[in-house]
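The entries below follow the order in which I looked.

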Amino acid sequence: LGRWRLAVTASRVHAVMAAEHDPRAALTALDAVAELAAAHAMTEQGGWVDLARAETLFVLGDWAAAMEAGDRAITLGERYAYTRLTFRTWMVLLPMLAARRDASPLERYAAWWESNRDHFPSAPSPYARVLRAATAIWLAAARGEPLPVPPDVLVDAVTPFMNAHYLAAVEAVVGA
């Protein structure tokens, strides 16, 4: 019907949901969504596809490919000031960097965060509170530093999200 933005968004969300049961098939679906987005000059949607691809590859354990897809999404987000896309992509990459003890990209993250922190609410949602605590843990782990202990009240912030990056955040907070 010519409603390409809706078709791309719905197809991407469908692929993300399918990734819970069949992540490899979801990657194939994301390839088709990326092609559709590119055909209709939907640059930002292409970035969201790369974020979804990075998160799916993270779950599959193909971290090299996940980092490549994430880097594409972050580069796009930095270039066009897609703040939300960039933030969400960093939340997928940081747990991998922490597990690898790889601090090399953290300067890029810190520079991006400093120039964009005012875009985020001063009273964060429960989701954001968990991610903020996990981010501090992931950054310390990537640098090989002692892990900060999150506040006990953070337990009230844990909500039932199924995103892999959020589950990794809860795991980091509980572990710390």
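Before sorting any lining by class, I note the convention: Ala, Val, Leu, Ile, Met, Phe, Trp, Tyr, Cys and Pro count as nonpolar, Asp, Glu, Lys and Arg as charged, and the others, Gly among them, as polar. I also keep in mind that this is a predicted model.

Entry on the largest pocket. I looked up its volume, which is about 750 Å³, and then its lining of 31 residues, of which Glu 55, Val 59, Met 162, Asn 163 and Ala 164 are the closest to the centre. By the convention above, I find 23 nonpolar, three polar and five charged residues in the lining of the largest pocket. I then asked which helices supply at least two residues each to this lining. They are H1 (4-18), H3, H5 (83-100), H7 (126-143) and H8 (164-175), and the largest share, seven residues, comes from H3.

Entry on the second largest pocket. I looked up a volume of about 250 Å³ for the second largest pocket, and of its 14 lining residues I noted Phe 87, Phe 120, Pro 121, Tyr 127 and Ala 128 as the closest to the centre. The elements that give two or more residues to this lining are H5 and H7, and by class I find eight nonpolar, three polar and three charged residues there.

Entry on H3 and H8. I went back to H3 and looked up how its axis meets that of H8: the two come within 9 Å and cross at roughly 55°, which makes H3 oblique to H8. I list Glu 55, Phe 58 and Val 59 on the H3 side of the contact, and Ala 164, His 165 and Ala 168 on the H8 side. Sorted by class, this contact has four nonpolar, one polar and one charged residues.

Entry on H3 and H4. Last, I looked up the packing of H3 (residues 43-60) with H4 (residues 63-80), where the angle is about 155° and the axes lie 8 Å apart. Angles over 145 degrees count as roughly antiparallel, so H3 is roughly antiparallel to H4. The crossing is left-handed. Among the residues that make the contact I noted Gly 47, Leu 51, Ala 54 and Phe 58 of H3, together with Ala 66, Gly 70, Ala 73 and Tyr 80 of H4. The contact residues divide into 11 nonpolar, three polar and three charged.

Definitions and conventions:
Residues are numbered from 1 along each chain as its sequence is written. This is a predicted model: local features need pLDDT of at least 70, side-chain atom pairs count only at pLDDT 80 or more; totals for chains, interfaces and linings use all residues. Side-chain values use heavy atoms; hydrogens and water are left out. Axes are lines fitted to C-alpha atoms, for helices over the stretch in contact, and angles run from 0 to 180 degrees between N-to-C directions. Helices (H or I, at least four residues) and strands (E, at least two) are DSSP runs, numbered from the N terminus. Angles under 35 degrees count as roughly parallel, over 145 as roughly antiparallel, 65 to 115 as roughly perpendicular and the rest as oblique. A crossing is left-handed if the near helix is turned anticlockwise from the far one by less than a right angle, and right-handed if clockwise. Contact means heavy atoms within 4.5 Å. On a 1 Å grid over the protein atoms alone, a cavity is a set of points where a 1.4 Å probe fits but cannot get out, and a pocket is an open set with protein on both sides within 12 Å along at least five of seven lines; lining residues have an atom within 4 Å of a point. Grid points are joined across faces, edges and corners, and a volume is the space filled by probe spheres set on the points.
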